[in-house]
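Dear colleague,

I am handing over the structure below, and after it I set down what was found, taking one region at a time. Please keep the view open while you read.

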Amino acid sequence: MNRSLSALTVLGAAGLLLPVVPLSPLASAAAAEQPVPVLNGDFAEPVMRGDGPTTVGIDHWTGLNQRYSPTASGRTDASHGVALQKDGNTLQQRLRGVRAGARVTVRYEDSPAVSKECTGEQVVAGQPYAVVGSGGPVQELTTAGDPDRVKGTPGKGRWTGRAYVFTASENEPLLTFTSRVTDSRTHVTCSPMIARIRAVEVPPDVDKTVNKTALGTAEAYKGNDRESTLHNAAAACNGENACTFRPDIRTSFRYYDRARVIGEAFVNCTRNALEHSRLLSYSERGHDSISQTYADAGLALNEVARLPTSGDRTEDEKRIKERPMATQFALAYEKVWQRPWQWFSSDQRTVVEKIQPGEVSWVEMQPSRERVEGWFVSKKDDYRLHVVVDGPSRAVPDRLLQRTGPMSEAEKQRCAAARPMTTTPVDAGAPAGSSDKGLLKSPAPTAAGVRAGLRSVPLN
């Protein structure tokens with residue numbers, strides 16, 4: 001699973017025992033390009049009146065740029081053209097769901113400005129701009145030229161297909177287009193244009209060696225801005241239908257955890273086989289990256305961010321009833337995988353043991369667990385909170401391993417040790433005397449203050 005590059009991240013690597021079973025066939029498929037959602041990649045929202053240019057904000061994009069209708073942009077599809085203005089103005093969007101390490105390919109089209117304010121000199125050799133994604137190289141480009149332009153006449157657009165490839169250095173990498181037109185004589189609308197942005201990725205391999213107690217740093221975003229804390233995003237989800245959890249089936253999987261001994265180890269120091277029954281009790285709890293992020297930062301877990309993963313059964317049962325995020329997560333999980341989610345589990349089993357002389361008997365448990373990665377997304381799609389939850393699985397049974405084996409050296413020494421004894425300080429070496437087996441119990445006194453005499457009864 002991809003980890004955040006935040007300084008708060010505390011990763012603990014621990015080998016998880018195989019088999020590891022993906023929750024989706026996609027998780028085990030060979031690496032292949034997968035679509036990345038580019039929100040409003042045609043720049044059609046909000047709906048514009050007329051042909052433009054307009055400078056209103058473009059939904060899901062950051063930066064005020066000039067927008068033209070498809071017709072005014074000289075396009076034959078429904079995508080609008082956006083001019084990057086000048087003086088380093090940018091057009092930005094975070095690519096949703098892309099994790100650090102993914103290889104991303106962005107495809108789009110560019111054109112010199114169609115603005116009637118352009119002179120032939122300003123567009124004859126094309127117009128410069130740059131594109132960059134978080135972690136990738138800055139790619140400097142120039143649009144196609146438009147040598148037939150005359151000021152006062154709109155251009156027809158000379159659209160050229162482009163591709164930019166980068167490897168993301170952070171989760172939710174930021175895609176940025178920047179105008180390189182800096183000539184002060186150039187009109188604000190006469191700048192390079194961008195249209196029809198699409199993206200695909202080859203996601204990194206899921207890291208299944210991350211321990212459930214170190215799930216990484218949870219991240220929160222508002223639009224294209226990374227939030228410094230999780231509080232606002234968690235608070236936005238603090239309502240019954242305020243947020244929807246969207247699991248990422250590519251990075252969610254089932255696995256068997258490390259085996260652990262439950263109950264005591266029985267050591268047979270006798271010369272005979274022993275057979276007996278005993279009752280074993282065991283339980284599993286959930287873990288989540290939100291609480292771990294607060295803990296790593298040395299902060300008290302905020303009330304609205306508390307999922308039922310405290311490990312205290314009473315407290316977790318209370319959180320299931322009272323915490324909307326717990327309900328949002330459980331509903332999404334059941335909808336995707338068609339079975340209920342469980343935050344904790346417990347069970348009891350009676351085990352019959354037969355222990356041979358000189359052997360030890362013990363029971364180990366390998367709990368089945370599953371890890372779900374995804375996003376809490378507010379209904380307005382402004383706040384997004386990334387979380388990883390790890391809990392006991394209903395999909396496959398736990399493993400109980402009843403085991404016997406030879407004693408360790410320490411156990412052999414314990415079996416060979418003498419019984420605890422004390423010394424006889426007087427006449428320790430004298431022959432043993434006979435026991436007083438002939439004495440009978442003294443009768444009770446017949447009168448107050450009168451002590452009954454002792455009698456001897458001869459043995460015949």
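Predicted model: local features only at pLDDT ≥ 70, side-chain atom pairs only at ≥ 80, totals over all residues.

Strand 20, which covers residues 359-366, pairs with strand 23 in the antiparallel sense over eight bridges. The two belong to an open sheet of three strands, in the order 16-20-23, with antiparallel pairing. Strand 16 (260-267) and strand 23 (399-406) form the edges, each of them pairing on one side only, and neighbouring strands of the sheet are turned against each other by 15° on average, if direction is ignored.

The largest nonpolar core has 28 residues, and those that touch the most other members are I290, M325, F329, W343, F376 and L385. At least two residues of this core come from each of helix 4 (231-236), strand 14 (243-247), helix 5 (289-296), helix 7 (324-337), strand 21 (368-378) and strand 22 (383-392), and helix 7 gives the most, with six residues. If residues up to four places away in sequence are not counted, W343 touches R285, G286, L307, P308, T309, I320, A326, F329, V389 and P392. Another core, of 25 residues, lies apart from the largest one, and F43, Y108, L141 and F177 are among its members.

Helix 5 deserves a paragraph of its own. Six of its eight residues are buried, so that the helix is mostly covered; the buried ones are S289, I290, S291, Q292, T293 and Y294, and they pack against helix 4, strand 18 (287-288), helix 7 and strand 22. At the start of helix 5, a side-chain oxygen of D288 comes to within 2.9 Å of the backbone nitrogen of I290, while just after the helix G298 takes a positive phi of about 70°.

Elsewhere, in the loop between helix 2 (70-73) and strand 4 (81-83), you will find R75. R75 counts as buried because its relative accessibility is 12%, which is under the 20% cut-off. Its side chain makes a polar contact of 2.9 Å with the side chain of D77, and another polar contact, of 3.0 Å, joins the side chains of R75 and E109. Leaving aside neighbours within four places in sequence, R75 is in contact with P70, E109, W159, A195 and R196.

Finally, there are some backbone details to look at. Most residues other than glycine have a negative phi, and most peptide bonds are trans. Against that background, a cis peptide bond joins E45 and P46, with omega of about 0°, and P46 is found in the loop between strand 2 (34-36) and strand 3 (66-68). H60 also lies in the loop between strand 2 and strand 3; its phi is positive, near 70°, in a residue other than glycine, and at 31% relative accessibility H60 counts as partly exposed. D427, placed in the segment after helix 8 (409-416), likewise has a positive phi, near 50°, and it is exposed, with a relative accessible area of 60%.

With kind regards

Technical notes. Residues numbered from 1 in each chain as written. Heavy atoms only, no water. Core = buried A, V, L, I, M, F, W, Y, C linked by side-chain atoms within 4.5 Å. Buried < 20%, exposed > 50% of the residue type's maximum accessible area, 1.4 Å probe, protein only. Helix = DSSP H or I, 4+ residues; strand = E, 2+ residues; numbered from the N terminus. Contact = heavy atoms within 4.5 Å. Polar contact = N/O pair within 3.5 Å; in protein donor to acceptor, adjacent residues only side chain to side chain. Pairing = 2+ DSSP bridges. Axes fitted to C-alpha atoms, helices over the stretch in contact; angles between N-to-C directions.
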